[in-house]
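Hi there,

Here is the model I promised to pass on. Have a look at it first, and my notes follow below.

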Amino acid sequence: MSQVHALSDDQVGQELRKMTAFIKQEALEKAREIEIKANEEFSIEKSKLVRQETDAIDAAYAKKTKQAAMSQQITRSTVANKTRLRVLGARQELLDAIFDEAAARLAKEGSADPARYQAALRGLLLEGLYALAEPDVQARVRAADRAVAKKAAEEAEAEYKKETGKETKVTIDEENPLSEGSSGGVVILGGKGKIEVNNTFDERLRLLQDSALPAVRKTLFGGNPNRKFFD
């Protein structure tokens, strides 16, 4: 029979120290593995968080950049519109001033020369006679123009007969004269007062303003590059 020998105290101590060293070594290696894995997970999570924050910052920057661009575009458009309106307003003021000056000169100089004014009245009366083609018409002029208007009417009657071979009579309506504030000219009435041909200087200037305004605007300010259609 084999005989089991009991370990001495020294041997027991050595075995215990070996076991303790092994357990300690195992614990250190396990701790090192845990630490390495933790560091790897921390690095991964850190990179993820950094990427998320970077993306958020980029998105916020892109949004603010877009908002700033839109705000700048709106501001630029607003300034351009205000500038355009100021230019248009200044142009209109200039055009109004031109026609106001023309009206003032017409009122002052339109009838200053009696001979020229009589000739002008004759031409205006003739236009009315041709338009109405009636044997009897009335003419309204300023009270101060009655004498020269009567002479102009006689000349217009004679020329009308010469050109058409028909008689016509122009009667000056002394009960309803044109306003003294009028620049001159004549209103011819036919159809027993129901048909009116307004040949006053003021009306002629208004018609001229409407018809000549595009040409005056082009002469003063040049053509409109954005205009695609012309009369």
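Let me begin at the start of helix 2, where a side-chain oxygen of Asp113 comes to within 3.2 Å of the backbone nitrogen of Ala115. That is a polar contact, meaning a pair of N or O atoms within 3.5 Å; within protein, one must be able to donate a hydrogen and the other to accept it, and residues adjacent in sequence count only if both atoms are side-chain atoms.

Before going further, some housekeeping. This is a predicted model, so local features need pLDDT of at least 70 and side-chain atom pairs count only at pLDDT 80 or more, while totals for chains, interfaces and linings use all residues. Residues are numbered from 1 along each chain as its sequence is written, and side-chain values use heavy atoms, with hydrogens and water left out.

Back to helix 2, which covers residues 114–132. Helices (H or I, at least four residues) and strands (E, at least two) are DSSP runs numbered from the N terminus. Buried means under 20% relative accessible area, exposed over 50%, and partly exposed in between (1.4 Å probe, protein chains only). Just after the helix, Ala133 has a positive phi of about 50°, and this residue sits in the loop between helix 2 and strand 1. Most residues other than glycine have a negative phi.

What does helix 2 lie across? Strand 1 (136–140), strand 2, strand 3 and strand 4, running at about 25° to strand 3. Contact here means heavy atoms within 4.5 Å, and axes are lines fitted to C-alpha atoms, for helices over the stretch in contact, with angles from 0 to 180 degrees between N-to-C directions.

Those strands form an open sheet of 4 strands in the order 2-1-3-4, with mixed pairing. Its edges are strand 2 (169–172) and strand 4 (195–200), each pairing on one side only, and the twist averages 25° from one strand to the next. Two strands pair if DSSP finds at least two bridges between them. Strand 3 (residues 185–190) and strand 4 run antiparallel and are joined by 6 bridges. Ile188 has Val197 as its bridge partner in strand 4, and Gly190 stands opposite Ile195.

The hairpin of strand 3 and strand 4 has 4 residues between the strands, and Gly191 takes a positive phi near 60° there. Lys192, in the loop between strand 3 and strand 4, also has a positive phi, near 55°. Lys192 is exposed, with a relative accessible area of 86%.

Finally, the whole chain. It has 4 helices and 4 strands, following the pattern α-α-β-α-β-β-β-α along the sequence. The radius of gyration is 53 Å, whereas a compact globule of 231 residues would have one near 17 Å; the value is taken over C-alpha atoms, and the globule rule is 2.2 Å times the number of residues to the power 0.38. Along the principal axes, the C-alpha atoms fill a box of roughly 175 × 35 × 30 Å.

Best wishes
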